[in-house]
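Q: Could you walk me through this one, term by term? I'd like to hear what stands behind each label.

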Amino acid sequence: MGGTPAGPVCQDDHDFALWEKRVDALMVLCGNTGLFTVDGLRRALEDMGEEAFETMSYYERWIAAINQNLLESGTYSLEELGARMEEVARRGPTYGEAQDG
Amino acid sequence: MADRVRVKTMMPPGHVRTPTYLRGKEGVIERTLGRFKNPEQLAYGLPADEKPLYRVRFTMGEVWGDQAECPTDTLDAEIYAHWLERL
């Protein structure tokens with residue numbers, strides 16, 4: 001309803017990357033285990049503002065919104081998140097290298 | 001006689017499910033949809049009471065005023081009871 005011109009809609013199908021499928025699965029897991037609901041996802045997405053919708057992809061916005069909710073629910077702390085991100089990054093850039101264990 | 005309602009005009013910041021363009025507009029209750037947990041609470045991870053949800057029908061003339069291309073066409077929106085005032 002309303003808004004500014006957005007250009008033509010791309011109708012092409014596209015494959016999702018593995019990480020995108022994992023983000024989708026993570027949201028299902030968060031809902032099923034009661035950590036937070038899709039309402040929380042939607043709230044965080046809408047709070048990101050217009051710039052996020054122009055600069056981030058769909059699942060980049062999702063993982064940012066999931067992270068926001070998991071921080072708020074106390075599932076993990078920023079300190080734990082930062083340490084784990086460094087640990088995973090040290091394993092290497094490929095899926096195979098980053099795989100835990 | 002259908003129940004006429006007006007959508008509240010309040011504009012609290014935060015997560016709400018009532019479209020801005022319908023605030024202050026008058027419509028009729030098309031049907032009752034049942035009671036659902038309040039998404040405005042769920043969105044913040046808080047305990048949520050169940051609130052009655054209604055499907056409310058508005059005319060395009062009411063929503064868009066003189067800008068409406070087909071003023072008698074209608075638009076339905078699902079709105080929680082706490083956003084509606086009975087007329």
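Predicted model: local features only at pLDDT ≥ 70, side-chain atom pairs only at ≥ 80, totals over all residues.

Q: How far apart are A:L26 and A:I63, in sequence and in space?
A: Along the chain, 37 residues separate A:L26 from A:I63. In space, their C-alpha atoms are 8.8 Å apart.

Q: How do you know that the span of α1 in chain A agrees with its number of residues?
A: Helix α1 covers residues 18–32 of chain A, 15 residues in total. The expected span is 1.5 Å times one less than the number of residues, so these 15 residues should span 21 Å. The end C-alpha atoms are 21 Å apart, which agrees.

Q: What makes one face of α1(A) the buried one?
A: The buried residues here are A:V23, A:M27 and A:C30. Looking down the axis of α1(A), you find its buried residues within an arc of 65 degrees, so they line one face of the helix. They pack against α2 (38–47) and α4 (58–72) of chain A.

Q: Which exposed residues sit on the face of α1(A) turned away from the buried side?
A: That face carries A:L18, A:K21, A:A25, A:V28, A:L29 and A:N32, which are exposed. And just after α1(A) comes A:G34, with a positive phi of about 80 degrees.

Q: On to chain B. What is its secondary structure?
A: Chain B has two helices and five strands. Along the sequence they follow the pattern β-β-α-β-α-β-β.

Q: What makes the sheet in chain B an open one, and which strands are its edges?
A: Its five strands come in the order β4-β3-β2-β1-β5, with antiparallel pairing. The edge strands are β4 (74–80) and β5 (84–86) of chain B, and each pairs on one side only. Neighbouring strands of this sheet are turned by 40 degrees against each other on average, direction ignored.

Q: How do you know that β1 and β2 of chain B are paired?
A: Pairing takes at least two bridges, and three join β1 (residues 4–7) to β2 (residues 26–37) in chain B, so the two strands pair. They run antiparallel, and B:R4 stands opposite B:V28 in β2(B).

Q: How much of chain B counts as buried?
A: Of its 87 residues, 18% do. The C-alpha atoms of chain B fill a box of roughly 40 × 30 × 20 Å along the principal axes.

Methods:
Residues numbered from 1 in each chain as written. Chains lettered and ligands numbered in written order. Helix = DSSP H or I, 4+ residues; strand = E, 2+ residues; numbered from the N terminus. Buried ≥ 20, exposed ≤ 12 C-beta atoms within 10 Å, placed from the backbone. Arc of directions from axis to C-beta. Contact = placed C-beta atoms within 7 Å. Axes fitted to C-alpha atoms, helices over the stretch in contact; angles between N-to-C directions.
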